[in-house]
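Thanks for coming, everyone. Please have the sequence and the model open while I talk. I will go through it piece by piece.

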Amino acid sequence: MIRTQFIFYIFTAYSFGQHIKFQNSTTNQGLSNNSILAIESDKDGGSWIAAEAFSQSVLFYILFSGFIVLICMVIVYLKNKITLSQQKYLEELVKVRTDVIEKQKKNLEEINAELDQKNREIIEQKEKLLILHSNFKNQNFEIEKFKTYMLAEFQEPITKIIEISSSFKEDNGLQKALLLQSGKLVNLISEWNYLEHIKDLGPIKKTVIDLFPVLKNNVEKLKKDLQTNQVNFNCEIENTTFFAEADVLRLKLSLQYFFNDFCKYSDQNSALRVVIALSDNLLKIKVASDSIILKNNWNNILSYSPYFNALQVLLQDLKGELIPSSEEQFQIALHIPVEVIDSGMCIKQTISWKNFNYQDYFSSDKKYLLVFGDSYNNPAAYQVLENENYNLIFENSISNLNAVLKQIDISALVFYQASFTKELISFLKLKPNIKIPIIYISEHINYEMDEQLLEMGIETHIKLPVGSSFIKKKIDSLINQNEEPFREYKMQEKIFEILTEDSDHITSNEKLLKRALDIIKEELQNPSFNVEMLVDQLGISRVKCYRLFKETLNQSPSDMLMSLRLQKAEFLLKTKKLNISEVSFECGYNDPKYFGRSFKKYFGKSPKEYKEYSA
């Protein structure tokens, strides 16, 4: 802008100069075309002098230059004035901006100070939480350490107490009292041990079940336990059949663990009220009690009871909720989500052997497990025992067990939470005729149950909760240990049927096999008797003899001959009337050493070891 004004002023001065020059030129042209001089006479009338025009004089140029300088000075002055004005404006802008920045800086400093304060508070809270967590962790660690120590210390003396108590013969009352109290201590220790495995139940497996029998069974058990403590018990439960989809094993264990400590800590003559209802796909169990002991110990129960610790794990899996008690009156509620379904829908059911042709339904390459128990326990038993290697057959009638065992090659018999009725006890007394493993699975931890099972010949007792992999390995181990004796038993059973069957009701091959077995029986003591002699006496070819034994007894003639000789040796060793050399000769062995090697290979023990073991 300043530069434009300066150029404008120069142009104006130049135009002014040209204008004056143009006027002088015009005037001179009026006087003469050949001369631009003015003639003037002096005073004395002497000679004339010629004078120049003003536009060509020095004065004109001086004035013109001064005018130009003046214009330049004006231009510089205006330029400086504008510059100062702009500088002042910029300084004001900078000042305003600086003020804004200072205010923002001040605000940021205040915000940073607040954030620092909050950060310090968060750090303090974090430190407090870490301290609380550390204390809680140390507390749990101390509890676990104390529990491990006490369990290790208690087990040996309690075992000795039980052994000493069992040896008492004179005072049965004292013996029963000692065994009862020792059993309680063992149960207490077992609770800590077994409930640690609640996390090993495996994935959630939902099954459609009728909830009423499950709830009723748990309430009946609670009622029975409370009657022992003389507690007034009242329960309200809707007697309606309704089907729901839930993890039945976790549901049953949750109810059992929830009710367990109510029985332990309820005062005599106190009142316990239970209300069970189902609404909005939520199973609601409300418990109210006036027991002072229960109310005073409730916090300790929540913190230290192994049953409630296990219940918390189950509720996490079931997405349930434990609503704490009120301060005025002891009251607590348990809410467990269940999905109620239409009873007419198709649901997954367990299979009873009577209701289908098992050869068409089951895979032939799987082992058969016969599961006995109340029908409402079948879904839980199915969840525990379900495995790709097993065909599960469920039965709840004692009278049908023998029929199932005869019709199907059962690998193991499993009693799941079965009640020991007179019929079941009578059935177990016939256990010598059952050559398969018998297993009892219980949802309760009870030492007395171990003794009761041992008395009835059931050596394997699995107490829940345990992992499904443990159950599978245990059952597989028992089945594998029993495979050879069971195969031998089935063969002997077949031989017995052939030898005792009426000749009019057996086939020609069975008649021929019966004759062969009679010959072997007569010649067992003969060391020179072999398959060639048997074939000669039967009057058939060696190939036909082999096919006859293999198809009927699944053994070759030579294997059958050796098996019968060693079985006779086993019987003679048990009688203890003959020494080992005499037994070997009685069974057709000329060399006692060869007899010893064959016997050990067949039975897993040498004749001497077997004789001592049988003693």
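**A walk through the model**

K319 counts as exposed, because its relative accessibility is 71%. Here are the cut-offs for that word: buried means under 20% relative accessible area, exposed means over 50%, and partly exposed lies in between, with a 1.4 Å probe and protein chains only. K319 sits in the loop between α8 (306-318) and β8 (321-323). Its phi is positive, about 60°, although K319 is not a glycine.

Some ground rules before I go on. This is a predicted model, where local features need pLDDT of at least 70 and side-chain atom pairs count only at pLDDT 80 or more, while totals for chains, interfaces and linings use all residues. Residues are numbered from 1 along each chain as its sequence is written, and side-chain values use heavy atoms, with hydrogens and water left out. Helices (H or I, at least four residues) and strands (E, at least two) are DSSP runs, numbered from the N terminus.

Now compare another loop residue. Q417 also has a positive phi, about 50°, and is not a glycine. Q417 is in the loop between β13 (410-416) and α12 (422-429). Is Q417 buried or exposed? Q417 counts as buried, because its relative accessibility is 15%.

Next, the record. UniProt, in an unreviewed entry, annotates residues 58-78 as "transmembrane region". UniProt positions are given in the numbering used here, feature names are shortened, and annotations may be inferred rather than shown by experiment. In the model, residues 58-78 are 100% helix and 0% strand. The end C-alpha atoms of that stretch are 30 Å apart. The unreviewed UniProt entry also lists residues 98-132 as "coiled-coil region". Over residues 98-132 the chain is again 100% helix and 0% strand, with end C-alpha atoms 50 Å apart.

On to the rings. How many aromatic pairs does the structure hold? There are 17 aromatic pairs. Rings of Phe, Tyr and Trp (its six-membered ring) pair if their centres lie within 6.5 Å; planes under 30 degrees apart count as stacked, over 60 as edge-to-face and the rest as tilted. Take F60 and F64, which are stacked: 6.3 Å centre to centre, with 15° between the planes. They are four residues apart in helix α2 (residues 58-167), so about one helical turn separates F60 from F64. F60 counts as buried, because its relative accessibility is 12%. F64 counts as partly exposed, at 24%.

Now F262 and F330. This pair is edge-to-face, 6.2 Å centre to centre, with 75° between the planes. F262 lies in helix α5 (residues 248-265) and F330 in strand β9 (residues 330-337), so the pair ties together parts that are 68 residues apart in sequence. Both F262 and F330 are buried.

A nonpolar core is a set of buried Ala, Val, Leu, Ile, Met, Phe, Trp, Tyr and Cys residues joined through side-chain atoms within 4.5 Å. The largest one has 69 residues, and F258, F262 and I285 touch the most other members. Helix α5 gives the most to this core, with 10 residues. Look at I285. Neighbours within four places in sequence aside, its contacts (heavy atoms within 4.5 Å) include L255, F258, V274 and I332. There is also a second, separate core of 24 residues, with F372, L401, I410 and I436 among them.

Last stop, a sheet. Five strands form an open sheet with parallel pairing, in the order β12-β11-β13-β14-β15. Two strands pair if DSSP finds at least two bridges between them. β12 (390-395) and β15 (460-463) stand at the edges with a single partner strand each, so one side of each has no neighbour in the sheet. Strand β14 (residues 438-442) is joined to β15 by four bridges. I441 has I462 of β15 as its bridge partner, and Y440 stands opposite H461. Both faces of β15 are covered: T460 and I462 on one side, H461 and K463 on the other, all buried.

The peptide bond from L464 to P465 is cis, with omega near 10°. P465 lies in the loop between β15 and α14 (468-500).
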